[in-house]
Amino acid sequence: MTAGAGLRGRDLALALVICLCWAFNFLTSAHALQEIPPFLFSALRMAIVLALLVAFMRLPPRSQWWRLAGIAMFTGVLHFGTSFLALKLAGNLSSPAIVTQTYVPMAVLLAWWRLGERFAWRTALGIGLSFAGVLVLGFDPMVLDRPLALFVMLGSSLMVAIGTVLMRRMTGVGLVDQQGWTAALSVLPLLAISAMVEPDGFAALREASWIGWGGAVYAAVFASLLGHGLFFKLVQRHPVAQVTPYLLMTPVFAVLLGIVFWGDRPGPALWIGGAMVLGGVLVIAIRTLQKKRPPVAEVTPEV
């Protein structure tokens, strides 16, 4: 498939499945977080991923251990833990689903700072548009009612952006090994954080219903294994920057699910700000594809 061709047929259907898996993860996780606290929920998700992959994992090259540990800390622990915290604090699906996409412009800026990757004015315009969209989105009454959630989600996006930059230099580690070892290295830190900040977490876990446990299983199986597995299959056939625009349907689906099943009532500021955020990410992806630069996002954050 050439860099200029779009996704068609089966690959387009796979992209749609990925978006639906990740969008429904916002809904199922939001329900589960009413029973299980965020960091413990993240640990449970990682433990399920590890249990499913441990038989297929291989030891990574010795030179990659520290890099893999950094990816696990920033992505597996800090990103997932704080993204679930933001989802719980927000009380809606719409704003977290949109704001999490700011990891893309953050990753571009970090790659410029740490890796010396330059970008032209159109990419800079996309970065500025995304961050301006967050400011506009922040004036929506639904977001203003719980502003802390917005800052926590921005912090979560920064964590996964750092993980993305670390991943750019990782070699000799496949998708299964990466997911499996990220989970393995994340479970204990997540449990430790939960024990410190969620003292009643294990009691809540014992009392959790099928909704809480089902949310964790869905996050592990459908969001992590199926969603990221299909994404890996797509980027074997197409440049990452070519796939990214299709995956921007994830927050759109999540917003629609929030309206239909969660009671979200986004106002004009969220619609306009959300369009600016996603429009900026789209500009970055298109410019990356046109210039045939290395992709800025080998990971795709979803709660």
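Predicted model: local features only at pLDDT ≥ 70, side-chain atom pairs only at ≥ 80, totals over all residues.
Helices here are DSSP runs of H or I, at least four residues in length, and they are numbered from the N terminus.

**The annotated spans**
- The UniProt record, an unreviewed entry, places the feature "domain: EamA" at residues 13-137 and 149-285.
- Residues 149-285 are 86% helix and 0% strand, with end C-alpha atoms that lie 27 Å apart.

**The nonpolar cores**
- The largest nonpolar core has 55 residues.
- Ile 18, Trp 22, Ile 36, Phe 41, Phe 231, Leu 234 and Leu 247 have the most contacts inside this core.
- Seen by element, two or more residues of the core come from each of α1 (9-32), α2 (38-53), α3 (65-90), α9 (175-197), α11 (210-237), α12 (240-247) and α13 (249-262).
- Helix α1 gives the most to this core, with 11 residues.
- There is also a second, separate core of 19 residues, and Ala 107, Met 142, Val 143 and Val 277 are among them.

- Leu 16, Leu 20 and Phe 24 make a nonpolar surface patch of about 240 Å².
- Leu 16 has a relative accessible area of 42%, so it counts as partly exposed, because that class runs between the 20% limit for buried and the 50% limit for exposed.

**The salt bridges**
- A search of the whole structure finds two salt bridges.
- In one of them, Arg 237 pairs with Asp 11, and their closest N and O atoms are 2.4 Å apart.
- This pair links distant parts of the chain, with Arg 237 in helix α11 and Asp 11 in helix α1, 226 residues apart.
- Arg 237 is partly exposed, at 29% relative accessible area, whereas Asp 11 is buried, at 8%.
- The salt bridge between Asp 177 and Arg 58 has its closest N and O atoms 3.2 Å apart.
- Asp 177 sits in helix α9 and Arg 58 in the loop between α2 and α3, so this pair ties together parts that are 119 residues apart in sequence.
- Asp 177 is buried, with a relative accessibility of 6%, while Arg 58 is exposed, with a relative accessible area of 56%.

- Arg 122 is found in helix α6, which covers residues 121-137, and its relative accessibility of 36% makes it partly exposed.
- Setting aside neighbours within four places in sequence, Arg 122 is in contact with Val 283 and Arg 287.
- Arg 122 and Ile 284 are 162 residues apart in sequence, yet their C-alpha atoms are 7.7 Å apart in space.
- Gly 172 lies in the loop between α8 (147-168) and α9, where it is exposed, with a relative accessible area of 63%.
- From Gly 172 to His 238, the separation is 66 residues in sequence and 20 Å in space, C-alpha to C-alpha.

Terms used. Residues numbered from 1 in each chain as written. Heavy atoms only, no water. Buried < 20%, exposed > 50% of the residue type's maximum accessible area, 1.4 Å probe, protein only. Contact = heavy atoms within 4.5 Å. UniProt positions renumbered as here; feature names shortened; annotations may be inferred. Core = buried A, V, L, I, M, F, W, Y, C linked by side-chain atoms within 4.5 Å. Patch = residues over 30% accessible without salt bridge, like charges linked within 9 Å, V, L, I, M, F, W, Y side chains within 5 Å. Areas by Shrake-Rupley, 256 points an atom, 1.4 Å probe, with all protein chains shown as cover. Salt bridge = Lys/Arg side-chain N within 4 Å of Asp/Glu carboxyl O.
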